Amino acid sequence: MKLIFWIVFFVIAVVVIAFSVTNRGVVTVDLWPSPYSVDLPVFGVAVVGIFVGFIWGGIISWVYGGKTRQRVRNLYRRAE
């Protein structure tokens, strides 16, 4: 199982590195409604977007799993 994890991790790392190397162009990100804007490389915008999506998905999964965690805690207390 660890070998599969490392193989998948290596493939994803190679893809991210290749994407980062080939997409170094600069884009302007407007931080509306504030008056600020930031010039970032394209790969930076993509990687930040993926990271934010990963974190947001984790938060949503944690929130929706609350009822299940509560049920497990109650069943564990009853079992004791």
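Which residues form one aromatic cluster? In this predicted model, the cluster consists of F5, W6 and F9.

## Aromatic cluster

Three aromatic pairs are found in a search of the whole structure. One of them joins F5 and W6 in an edge-to-face arrangement, with 5.2 Å centre to centre and 75° between the planes. W6 also pairs edge-to-face with F9, at 5.6 Å centre to centre and 85° between the planes.

Helix α1 (residues 2-22) holds both W6 and F9, which are three residues apart, about one turn of the helix. W6 has 51% relative accessibility and therefore counts as exposed, the cut-off being over 50%. F9, at 45% relative accessibility, counts as partly exposed.

## Strand pairing

Strand β1 (residues 26-30) and strand β2 (residues 37-41) run antiparallel and are joined by five bridges. The two strands form a hairpin, with six residues between them. Within this pairing, V26 stands opposite P41 in β2.

Of the five residues of β1, the number buried is zero, so the strand lies largely in the open.

## Helix contact

Helix α2 (residues 42-64) and helix α3 (residues 66-79) have axes that come within 4 Å and cross at roughly 45°.

On the α2 side, the contact involves W62, V63 and Y64; on the α3 side, G66, K67 and R69. Classified by residue type, the contact of α2 with α3 has three nonpolar, one polar and two charged residues.

Note on methods: Residues numbered from 1 in each chain as written. Predicted model: local features only at pLDDT ≥ 70, side-chain atom pairs only at ≥ 80, totals over all residues. Heavy atoms only, no water. Axes fitted to C-alpha atoms, helices over the stretch in contact; angles between N-to-C directions. Contact = heavy atoms within 4.5 Å. Nonpolar A, V, L, I, M, F, W, Y, C, P; charged D, E, K, R; others polar. Buried < 20%, exposed > 50% of the residue type's maximum accessible area, 1.4 Å probe, protein only. Pairing = 2+ DSSP bridges. Phe/Tyr/Trp six-rings, centres within 6.5 Å; stacked < 30°, edge-to-face > 60°.
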